[in-house]
Amino acid sequence: MAQPLRITVLLGGVSAERDVSLSSGLRIAVALREKGHDVICLDPAEGVLTRETERTLLANGVGSAPPSLEALAGLEARSLSPVLGTMPEVTDADCVFLALHGGQGEDGTVQALLDMVGVPYTGSGHLASALAMDKHLSKVVLRSAGVATANWIMAPAPGSPDGLDAPEVGRHLDWPVVVKPSKQGSTVGLSIVRAPDELAAAVTEAFRYDDEVMIERFVPGQELTVGILGDVVLPTIEIQPVKELYDYECKYTPGMAKEFVAELSPEIQSKLADQARRAFHALKLRGYARIDFRLDPQGQPWCLEANTLPGMTPTSLIPQAAAAAGVLFPDLCERIVLLALADRQR
């Protein structure tokens with residue numbers, strides 16, 4: 001066991017992935033305490049959580065749908081994010097474990113704040129976090145690094161004089177297409193569009209969650225994800241959701257998806273590992289991350305996105321990949337902390 005550390009887990013927050021973050025963060029806190037560390041759970045929307053509150057939230061789980069935008073707006077009004085850098089729970093910590101998903105936790109904002117106050121934290125830095133969060137910019141970088149990613153266009157903003165030309169989208173990308181907010185996760189606001197007359201409604205829905213919306217060529221095939229822990233590529237996990245789309249409900253509701261170590265040829269496994277490493281380094285990620293792919297029927301992997309703070313819930317994929325590599329959840333959480341501290345010393 002590592003020397004006992006004072007660790008603050010940042011969790012919850014005010015993004016659409018709040019419930020996922022709470023589940024991730026509470027499991028991380030339990031795991032790190034099991035390893036002998038002194039752990040505080042701090043929710044920027046609610047403050048320091050009592051042990052009783054932790055137990056209640058942990059029992060509640062994630063739920064099958066994200067919080068409403070109205071509920072999140074109420075939390076944001078009293079968010080502690082502007083003063084996090086002055087709170088002793090943060091400044092006195094040996095390390096902050098970032099379990100925030102989406103929003104300020106994953107877009108580099110909190111990372112920049114922690115850099116300014118000199119507190120080590122888990123995961124990627126502020127630049128890499130912001131870059132990976134922006135699906136458009138990250139795809140540009142991935143392509144320049146030789147990582148295959150499906151063709152895409154950005155939807156015109158609402159009220160733009162250009163307007164949305166569905167036939168033109170079809171000519172560029174063919175049907176179906178995937179419509180998604182450019183800076184969200186957990187498939188929040190995401191739709192598969194199969195015909196031109198469905199496009200406008202899907203784009204409108206995606207704009208509810210972001211000020212930029214991506215329209216991307218749909219890639220048929222296997223849903224795969226590759227975790228990276230330090231310099232180790234973890235076993236590839238295949239996902240088979242009960243619905244066509246691996247959506248929020250399938251991701252966080254037990255029994256809504258089958259997840260298992262993928263049975264792939266050595267050639268394809270090698271190609272996936274190479275593409276995942278290329279993506280990790282091109283986006284300047286560090287610590288740990290999860291790179292998502294689609295493997296088409298011809299055996300070509302297409303990178304969908306990189307997750308800089310992947311979920312750590314009971315149904316999440318990085319813990320499953322680590323377990324397949326023989327790394328139990330408490331050891332995984334501690335190793336992520338030690339990677340953060342080692343990076344700080346470089």
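Buried here means under 20% relative accessible area, exposed over 50%, and partly exposed in between (1.4 Å probe, protein chains only). The model is predicted, with local features needing pLDDT of at least 70, side-chain atom pairs counting only at pLDDT 80 or more, and totals for chains, interfaces and linings using all residues. Residues are numbered from 1 along each chain as its sequence is written, and side-chain values use heavy atoms, with hydrogens and water left out.

**View 1. The open sheet of four strands.** The strands follow the order S5-S8-S6-S7 with antiparallel pairing, where strands (E, at least two residues) and helices (H or I, at least four) are DSSP runs numbered from the N terminus and two strands pair if DSSP finds at least two bridges between them. At the edges lie S5 (152-154) and S7 (191-193), each of which pairs on one side only. From one strand to the next, the twist averages 25 degrees, angles running from 0 to 180 degrees between N-to-C directions of axes fitted to C-alpha atoms, for helices over the stretch in contact.

**View 2. Strands S5 and S8.** S5 is joined by three bridges to the antiparallel strand S8 (residues 213-217), and Trp 152 has Glu 216 in S8 as its bridge partner.

**View 3. Helices on the sheet.** Helix H8 (residues 135-144) packs on the sheet and touches S5, S6 (177-181) and S8, contact meaning heavy atoms within 4.5 Å; the direction of H8 makes about 145 degrees with that of S5. Helix H10 (residues 199-207) also packs on the sheet, touching S6, S7 and S8, and its direction makes about 25 degrees with that of S6.

View 4. The buried residues of H10 are Leu 199, Ala 202, Val 203, Ala 206 and Phe 207. Seen down the axis of H10, these buried residues fall within an arc of 135 degrees, so they line one face of the helix, the arc being that of the directions from the helix axis to the C-beta atoms. Ala 201 and Thr 204, on the other side of H10, are exposed.
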